[in-house]
Amino acid sequence: MNKFSLLLALPVVVAGLSGCASDINSNYYSTGSVGQLSQAQGCTVVSVRPIKVSTQNGAGTAIGSIAGGIAGSQIGGGSTAHLLGAVGGAILGGFAGDAAQQGLTSQQGYEYIVRLDNGNTVSTTQGTDVLLNPGQRCQIIFGNKARVIPN
């Protein structure tokens, strides 16, 4: 595969990164969660705060660095220029790839602090599909993925 073909494939790979974001909403269950027993407990919302959740697995940085290095190696006419171009391209491509991944995979969510009926206070985070307000009665479901849901 030549360098030009690799550069043409890059947008497809970067677009695929958008599918890497997990669904963090309280109404989403993976197939592995179906049929699993979880404990639920009554609680009251103490506070709610908006948060930003992002996936950082390094794929965007790696892909950007590779693409930038390949593109940068095409700069100049001598081997030194090719080498410097590749290094500079890899650095800039890494920054660009990381920024692209953050933009494609970040999601909004809420952090809930709730007081359980037994008096303990716990916190959990989840997506924005359900907004609970301080003072609201609800249920917290403890499991592989904790959830706070309206009563």
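**Entry 1: order of elements**

I read the elements of this predicted model from the N terminus on and noted the run α-β-α-α-β-β-β-β, that is, three helices and five strands, where helices (H or I, at least four residues) and strands (E, at least two) are DSSP runs numbered from the N terminus. As the model is predicted, local features need pLDDT of at least 70 and side-chain atom pairs count only at pLDDT 80 or more, while totals for chains, interfaces and linings use all residues. I number residues from 1 along each chain as its sequence is written, and side-chain values use heavy atoms, with hydrogens and water left out.

**Entry 2: totals**

I looked up burial and found that buried residues (under 20% relative accessible area, with exposed over 50% and partly exposed in between, 1.4 Å probe, protein chains only) make up 27% of the 151 residues in the protein. For contacts, meaning heavy atoms within 4.5 Å, I noted that residues 24 or more positions apart account for 68% of those with a separation of 6 or more.

Gly109 has Gly127 as its bridge partner in strand 3, while Ile51 stands opposite Gly109 in strand 2. Strand 2 and strand 3 form a hairpin with four residues between them, and in the turn Gly119 has a positive phi of about 100°.

**Entry 3: Glu111 and Arg49**

I placed Glu111 in strand 2 (residues 107-116) and saw that this residue is the bridge partner of Arg49. The two also form a salt bridge with the closest N and O atoms 2.7 Å apart, the term requiring a side-chain nitrogen of Lys or Arg within 4 Å of a carboxyl oxygen of Asp or Glu. This pair links distant parts of the chain, with Arg49 in strand 1 (residues 39-53) and Glu111 in strand 2, 62 residues apart. Arg49 is partly exposed at a relative accessible area of 45%. Not counting residues up to four places away in sequence, Glu111 touches Ser47, Val48, Arg49, Ile51, Thr124 and Thr125.

**Entry 4: the other salt bridge**

The structure holds two salt bridges, and I looked up the one in which the side chains of Asp117 and Arg137 meet at 2.8 Å, N to O. Asp117 lies in the loop between strand 2 and strand 3 (121-127) and Arg137 in strand 4 (residues 137-142), 20 residues apart. Arg137 counts as partly exposed at 36% relative accessibility.

**Entry 5: aromatic rings**

My search of the whole structure found one aromatic pair: Tyr110 and Tyr112 are tilted, at 6.0 Å centre to centre and 55° between the planes. Rings of Phe, Tyr and Trp (its six-membered ring) pair if their centres lie within 6.5 Å, planes under 30 degrees apart counting as stacked, over 60 as edge-to-face and the rest as tilted. I noted both Tyr110 and Tyr112 as buried.

Definitions and conventions:
Pairing = 2+ DSSP bridges.
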